[in-house]
Amino acid sequence: RAMMMKTRVEILTRNGELALSPPAMTRWPWPKILMAGHSILHTVATPYTLEEMIRPETRTLVRLLRRMTQYGIAAPQVGVSKRLFLACVVHPDTPKVKKLPMTVAFNPKLELVGTEETLFLESCRSVPKYFGRVKRHSHINMTFTNMKGEERVLSAKGFVAAVLQHEYDHLDGVLFNSKTEGDLIPLTKLTPNSIYAKETR
C-alpha cells in the first residue's frame, strides 16, 4: 500500500516580512551566472576524479564559488559541467533556521530519509526574478567528498535540506522551475497573499 506523504508549508520571514531573496551580495566576479536555456544547465554533470579535485584550476574554481555563494551555487551555473556545489546557510535574519557552515561538496549523493515533504518558495540566479513552490524532502543524508579528498556524511533537515536538494538538482541538469507546483511567480507579483500561511497534511 502506498504511504501517504506528509506535507508542511514553511515560509521564511525577515523582521516580520517575507524573505524574498538571500542577503544582498557585492557584485560577483567573472564568470557570469549561466541563464536557463544554456545547454550546460540542462546536462548531467560528470564526476570529479581525485586527480581532478587536487588540480590548481579546481582550487581556483572553489575559491571563486565561495565568493559567489549566497545559499548555494553549483559548478554548472558558471559553465563547468562537473559534480560540485557549495552551500552555506548563515542568514542572520532567520535565527530559527538551522545553520550550515560553508560546505564544499564534490560528487555528492543524496539519501532521502522518511516520507515527510515540505513546500518551499524557491528562486535561482539562473532563473532570475521568478519564484516557485517546490516540494522537497524534509530530511536527507548527503555523502560527499570534501576539499581534502575525505568522504563525509551530512544529515540535514528543513531549509538546509531544501538548499542541498536544489543545488544537487543542478548537477543532474534540473532547474527548480521544472519542479514547481503551479505557475512561477514574478518577483513583481510576489506578495504575502500569493503564498500560503497554513500547514497541510
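**Close-up views of a predicted model**

**Figure 1. A residue pair between two strands.** Phe85 has Ala105 of strand β6 standing opposite it. This structure is a predicted model. Strand β5 covers residues 84–89, strand β6 covers residues 100–112, and the two pair in the antiparallel sense. How many bridges join strands β5 and β6? The pairing runs over 5 bridges.

**Figure 2. The open sheet around β5 and β6.** Five strands make up an open sheet with antiparallel pairing, and their order is β4-β5-β6-β9-β10. Which strands form the edges? They are β4, with residues 72–74, and β10, with residues 151–157, and each of these pairs on one side only. On average, neighbouring strands of the sheet are turned by 40° against each other, with direction ignored.

**Figure 3. Two helices lying across the sheet.** Helix α2, made of residues 56–68, lies across β4, β5 and β6. The angle between helix α2 and β5 is about 30°. Helix α3 spans residues 158–171 and lies across β4, β5, β6, β9 and β10. Strand β9 consists of residues 139–145. Helix α3 runs at about 160° to β5.

**Figure 4. The salt bridge between Lys82 and Glu52.** Side chains of opposite charge can pair when their charged atoms come close. Searching the whole structure gives 8 salt bridges. One of them joins Lys82 to Glu52, with 3.0 Å between the closest N and O atoms. Why does this pair tie together separate parts of the chain? Lys82 sits in the loop between β4 and β5, while Glu52 belongs to helix α1 (residues 50–53), so the pair connects parts that are 30 residues apart in sequence. Are Lys82 and Glu52 buried or exposed? Both residues are buried.

**Figure 5. The salt bridge between Asp172 and Arg83.** The side chains of Asp172 and Arg83 form a salt bridge, at 3.0 Å from N to O. This pair links distant parts of the chain, 89 residues apart. Asp172 is found in the loop between α3 and β11 (185–186), and Arg83 in the loop between β4 and β5. Asp172 has a relative accessibility of 30%, so Asp172 counts as partly exposed. Arg83 has a relative accessible area of 10% and is therefore buried, since buried means under 20%.

Figure 6. Lys179 and Asp169 form a salt bridge whose closest N and O atoms are 3.1 Å apart. Lys179 is partly exposed because its relative accessible area is 35%. Asp169 is buried because its relative accessible area is 10%.

**Figure 7. The whole chain, for orientation.** The protein chain contains 3 helices and 11 strands. Starting at the N terminus, the order of elements is β-β-β-α-α-β-β-β-β-β-β-β-α-β. The chain has 201 residues, and 45% of them count as buried. Of the contacts between residues at least 6 apart in sequence, 67% join residues at least 24 apart. The accessible surface of the chain is about 11,300 Å², and carbon and sulfur atoms account for 55% of this area.

Key:
Residues numbered from 1 in each chain as written. Predicted model: local features only at pLDDT ≥ 70, side-chain atom pairs only at ≥ 80, totals over all residues. Heavy atoms only, no water. Pairing = 2+ DSSP bridges. Helix = DSSP H or I, 4+ residues; strand = E, 2+ residues; numbered from the N terminus. Axes fitted to C-alpha atoms, helices over the stretch in contact; angles between N-to-C directions. Contact = heavy atoms within 4.5 Å. Salt bridge = Lys/Arg side-chain N within 4 Å of Asp/Glu carboxyl O. Buried < 20%, exposed > 50% of the residue type's maximum accessible area, 1.4 Å probe, protein only. Areas by Shrake-Rupley, 256 points an atom, 1.4 Å probe, with all protein chains shown as cover.
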